[in-house]
Each structure stands twice: as structure tokens, then as C-alpha cells.
Amino acid sequence: MWKVLTVIVQATILFLSISASAQPMRDPHAILKKVNETYRNLKGFQFEYKTVYDSKTEREGLTSSLRDERLSRITAVRPDRIRVETQDSHSSVLFIADGQNVWLYSSQLSAYTKRASGKVDLFAAAKSYDSRYERMAREVNAKLADYAQLTAEPRGLTLLPDESLTVEGLQIPCYVLSLVRGVGNNKDNTRYWIDRERFLVLRESTEQTSGVRPDSV
């Protein structure tokens, strides 16, 4: 017998340092394209966001839950200056590149490393030889990289009614897009709240559902 595992991941992103302008749009694919352009063309920026992970597993009348939170901050000036900080319940990691050197500090190890920087790609994927702590830092970048290449199949994307979010005391009108991937008991349903003027993702909420075999924990 199959049971259902539901995972909800929510990230709220506060944008602090750039602005743009746009007219209201009703084509969801055109909105996604504008989001792509915004994140690809960022030159200098500061983002802060919190990721909340809630997991609930139900099996034969028993329920287990897991919750984790992570705070992430990223500040960068292209092409090669970046500061990334990520903190969870276990440790914090600080990654800094100034165009000449790269520092990586781990609170869990109470230690840091320093090396010549070479080229630091803000949106580079984690490499197989990266340390656990550098991968944690690069995961912060990965969220921005996702928005720079966010695409969807025509059948999986829906424009929902607009909503407003409160950010630092301001009401910000947002487009709300629903993006569904997969089918049946194995699918992801993600919603994006997108600033209508700046085409920044201010909130993302993902519900993932998948079948779990009877002998799974």
C-alpha cells in the first residue's frame, strides 16, 4: 500500500537594493521571461531570505514530522565580489570573495580557509570537490540562479489572482503564478509571488507530494 509524503518549502525573499518598472501583464509566460531577465541582469544586489522546511509522513496511522529553518544573506557586485552567509540550527557559514582572495569560515569547525580567488561565478553550481561548507554557501546563490532560468511547460503554468505582500511595512502588489510539475502522487506544486513592478520573487511556496513504499521510514 502506498502512502503520501508531503513536504512544504517556503522561502520569503526581501529585496533591498534595486528597482525597475513594468506595466501589469496577464501572460504568465511573459511574466516568467521578465523574471529571468531581472535576475540575469543584476549587477549589484543584496538579498536576505528565510527558508522553512516542514515535512510530514503518515504511515499505518503513525505520523512523523520534521521542521528546519535556514536564514541566508547574499550581497554581491559583479563580476567577482560576493559575500554569502547562511545559518541554521547547527552552524553558520560565511563565504567572501573580494576579487583577489576567497575566505570560507565555518562556526561548526571554528576555522577558516583562504585561497586565491581565480574566477568566482555567482551562479555556478556546486562542484564535486567543494567542501560541505562551500556547498552550503553556493546553495544561497542557487536560488538566484533558479530565478534567472525559470521556465515552464505551457500546460503546467497558471496565473492566479493578484495578491499583495507586506515587505518592511509596505504593501507590494504581486503577480501570483502556479507551476505544477509531475502527475498523480508524484508532483510539485510551486507558487511564486512576483513584484509587479520589479519582477522580483518575494515569496515562493512549494508543496511536494510523493508515494512512499510500505517498508519506508
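The questions below move from the whole chain to single residues.

Reader: How many helices and how many strands does the chain have, and in what order do its elements run?

Author: This is a predicted model. The chain has two helices and eleven strands. From the N terminus on, the order is β-α-β-β-β-β-β-β-α-β-β-β-β.

Reader: What percentage of the residues of the chain count as buried?

Author: Residues under 20% relative accessible area are termed buried. The chain exposes about 12500 Å², of which carbon and sulfur atoms supply 49%. Of its 217 residues, the share that counts as buried is 37%.

Reader: Within what arc do the buried residues of helix H1 fall?

Author: Helix H1 covers residues 28-40 and reaches 19 Å from its first C-alpha to its last, close to the 18 Å expected. Its buried residues are Pro-28, Ile-31, Leu-32, Val-35, Asn-36, Thr-38 and Tyr-39. Seen down the axis of H1, these buried residues line one face of the helix, because they fall within an arc of 165°.

Reader: Is Leu-150 buried or exposed?

Author: Leu-150 lies in the loop between helix H2 and strand E8. Leaving aside neighbours within four places in sequence, Leu-150 is in contact with Leu-32, Asn-36, Leu-179, Arg-181 and Tyr-192. Because its relative accessibility is 7%, Leu-150 counts as buried.

Reader: How many Å apart in space are Leu-150 and Lys-33, C-alpha to C-alpha?

Author: In sequence, Leu-150 and Lys-33 are 117 residues apart. In the chain, among contacts between residues at least 6 apart in sequence, 53% join residues at least 24 apart. From C-alpha to C-alpha, the distance in space between Leu-150 and Lys-33 is 8.0 Å.

Reader: Where does Asp-88 lie, and which backbone nitrogen lies 2.8 Å from a polar atom of its side chain?

Author: Asp-88 lies in the loop between strand E4 and strand E5. With a relative accessible area of 12%, Asp-88 is buried. Its side chain reaches the backbone nitrogen of His-90 at 2.8 Å. A polar atom of the Asp-88 side chain also lies 2.8 Å from the backbone nitrogen of Ser-91.

Reader: Is Glu-168 buried or exposed?

Author: Glu-168 is placed in the loop between E8 and E9. Its phi is near 50°, a positive value in a residue other than glycine. Because its relative accessible area is 61%, Glu-168 is exposed.

Reader: Is Phe-199 buried or exposed?

Author: Phe-199 is found in the loop between strand E10 and strand E11. Although Phe-199 is not a glycine, it has a positive phi of about 55°. Because its relative accessibility is 2%, Phe-199 counts as buried.

Notes
Residues numbered from 1 in each chain as written. Predicted model: local features only at pLDDT ≥ 70, side-chain atom pairs only at ≥ 80, totals over all residues. Heavy atoms only, no water. Helix = DSSP H or I, 4+ residues; strand = E, 2+ residues; numbered from the N terminus. Expected span 1.5 Å × (residues − 1). Buried < 20%, exposed > 50% of the residue type's maximum accessible area, 1.4 Å probe, protein only. Arc of directions from axis to C-beta. Contact = heavy atoms within 4.5 Å. Areas by Shrake-Rupley, 256 points an atom, 1.4 Å probe, with all protein chains shown as cover. Polar contact = N/O pair within 3.5 Å; in protein donor to acceptor, adjacent residues only side chain to side chain.
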